[in-house]
Amino acid sequence: MAGAESVVQRFKLDPDCELRFEVKSKNKVTLELISGLAEVFGTELVQGKKYEFTTEANIAVYAPWHDCVVELVGLPGSSYMAKNTPMRIYLNCHEVLERMRQTAAYKDTVGPVTMVVGSHNVGKSTLCKILLNHAVRKNRRPIFVDLDVSQGHISVPGTISALLMEHTSDVVKGFSQKVPVVFHFGHKTPHANVMLYRLLVMQLATICKAKLQADYKKAKVSGIVINTFGCIKKDDYSLLAHAVEEFKVDTILVLDEESLYYELVKDLSDLVKVIILPMSDGVVERSQDQRTEANNQSIKKFFYGSQILLYSHSFVFNWSDIKLYKYGAPVPTCCAPLDKARDNPTKLVPVALGPHLLHRLLSVSFTDNPETVLRTTISGFVCVTDVNVEKQTLTLLASQSTSLLNKALILSDIEFIASNYEPHIK
């Protein structure tokens, strides 16, 4: 050990063994495969390549077949060898899905449509990543669907999205953000606007099914892997059931939730294969502060990139040039039941500009027609970094030089404090 900033640790992993380590915020940890074969969440490590982690993360290095040696350099929050890993069970699930793809190729039908469900902090997104990466390594092109608006594994929090997997995810950067299909929702929980959430799920399912048919040689037989939000109450269950119906799910993987498993078996076993899987004991329960930090990192990645610095752009717009909307319009009193909320949750209405927009994330639609925005995917995001009430201008941060003419901006509840900016209100 050469000092507090250059601690070197070497680990020999036996088959079916995991090295688990934690990267704390503002620390830097480098991982290198010295010899043998190993993977991180289904992505193979390249021998001799240094993988540098600079943001908060929990990583598991798995040796599936043979001994290997890996080296950690830096100050991980913790690092230990784990023999009790469910990875072999997860790989068996992959093999079952692969046999379903082979059958689909033979019969010229759609491959497995798999949904991963469970409570918060049980490893749903990690299992999705493992299944997707191993499918890609078998020369498949599955579609990854992310219905978890609280996190943003493909895009940013407050959206639902889909991505055609052509390559394994990057060990450090995660999933590629190249040409995803993204719909604006604007909240971190589906229950903030259940009707809107259902409509967006239906539209995303329609797009995904069309993509499967269009790319019939690979995507069709590869199928879909769907990540979901944490299911912890009855209302969550009804939204899951709706997604199962819209995507025509045929396989549900339940992580560590027996009560949810038995409820799904009771209601759906005639239509769907339901399988319960153990949760990895390496899954870390995240605090609210850690979730907030993860959300910030997801948005920061969009604007500034990951590892490779992107140069974001700042633009000043007059209020008169901005077309800003939000979902949720008042319903006339005469038309609304007295015991129901009097608003139309899928109606797009104009938003008055002002100081309340500071730090807000805005989605950029491909259209400026309020009647078609709901059915249109979004092209990107901007963040309000300054509000000048006197001059009636907004300063917007964008990931690239872009024109907002003839495009609608949609307000979200998501906030982001941009780096290198000192926002103010005049």
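This is a conversation about how to read a predicted model of a protein chain.

Trainee: I have the model open. What are the counts of helices and strands in the chain?

Mentor: Start with the inventory. This predicted model has 7 helices and 23 strands. The chain is 426 residues long, and 51% of them count as buried. The accessible surface comes to about 20,200 Å², and carbon and sulfur atoms hold 52% of that.

Trainee: How much of the contact in the chain is between residues 24 or more positions apart?

Mentor: Take the contacts with a separation of 6 or more: residues 24 or more positions apart account for 72% of them.

Trainee: Before I zoom in, what is the mean pLDDT of the chain?

Mentor: The general idea first: where pLDDT is low, the predicted coordinates should not be read in detail. Here the chain averages 87, with 87% of residues at 70 or more. Among the elements, β14 has the highest mean, 98, while helix α7 (residues 288-304) has the lowest, 70. Over residues 331-336 the value is below 50, and that stretch has 6 contacts in the model beyond near neighbours in sequence. Residues 421-426 also stay under 50, and there the model has 21 contacts beyond four places in sequence.

Trainee: Now the sheets. What is the strand order in the open sheet of 7 strands?

Mentor: Read a sheet by walking from strand to strand. This one goes β13-β12-β11-β14-β10-β15-β16, and the pairing is mixed. β13 (181-184) and β16 (273-277) each have a single partner strand, so one side of each is left without a neighbour in the sheet. Neighbouring strands are turned by 15° against each other on average, direction ignored. At the β13 end, 4 bridges join it to β12 (residues 159-164), and the two run antiparallel. To see one of the pairings, find A162: its bridge partner in β13 is V181.

Trainee: Which strands does helix α2 lie across, and which does α3?

Mentor: For a helix lying on a sheet, look at the strands it crosses and at the angle. Helix α2 (residues 124-137) lies across β10, β11, β14, β15 and β16, at about 165° to β14. Helix α3 lies across β11, β12, β13 and β14, at about 10° to β12.

Trainee: Which residues touch the most other members of the largest nonpolar core?

Mentor: That core has 60 residues, and V145, L147 and F247 touch the most other members. Helix α3 (residues 194-214) gives the largest share, 8 residues. A separate core of 46 residues includes L13, A57, M87 and V136.

Trainee: Take L204 as a case. Is L204 buried or exposed?

Mentor: Buried residues fall under 20% relative accessible area, and L204 has 0%, so it counts as buried. L204 is found in helix α3. Among the residues L204 touches are V145, L147, A162, V181 and F247. The C-alpha atoms of L204 and V145 are separated by 8.6 Å, although the two are 59 residues apart along the chain.

Trainee: And which residues is V145 in contact with?

Mentor: Beyond its neighbours in sequence, V145's contacts include L204, C208, I226, N227 and F247.

Trainee: How many of the residues of strand β22 are buried?

Mentor: The general idea is that in a regular strand the side chains alternate between the two faces of the sheet. In β22 (residues 393-398), T393, T395 and L397 are on one side, with L394, L396 and A398 on the other. 6 of the 6 residues are buried, so the strand is largely enclosed by the rest of the structure.

Note on methods. Residues are numbered from 1 along each chain as its sequence is written. This is a predicted model: local features need pLDDT of at least 70, side-chain atom pairs count only at pLDDT 80 or more; totals for chains, interfaces and linings use all residues. Side-chain values use heavy atoms; hydrogens and water are left out. A nonpolar core is a set of buried Ala, Val, Leu, Ile, Met, Phe, Trp, Tyr and Cys residues joined through side-chain atoms within 4.5 Å. Buried means under 20% relative accessible area, exposed over 50%, partly exposed in between (1.4 Å probe, protein chains only). Contact means heavy atoms within 4.5 Å. pLDDT is the predictor's confidence in each residue, from 0 to 100. Accessible areas come from the Shrake-Rupley method with a 1.4 Å probe; for residues, only the protein chains shown count as cover. Two strands pair if DSSP finds at least two bridges between them. Axes are lines fitted to C-alpha atoms, for helices over the stretch in contact, and angles run from 0 to 180 degrees between N-to-C directions.
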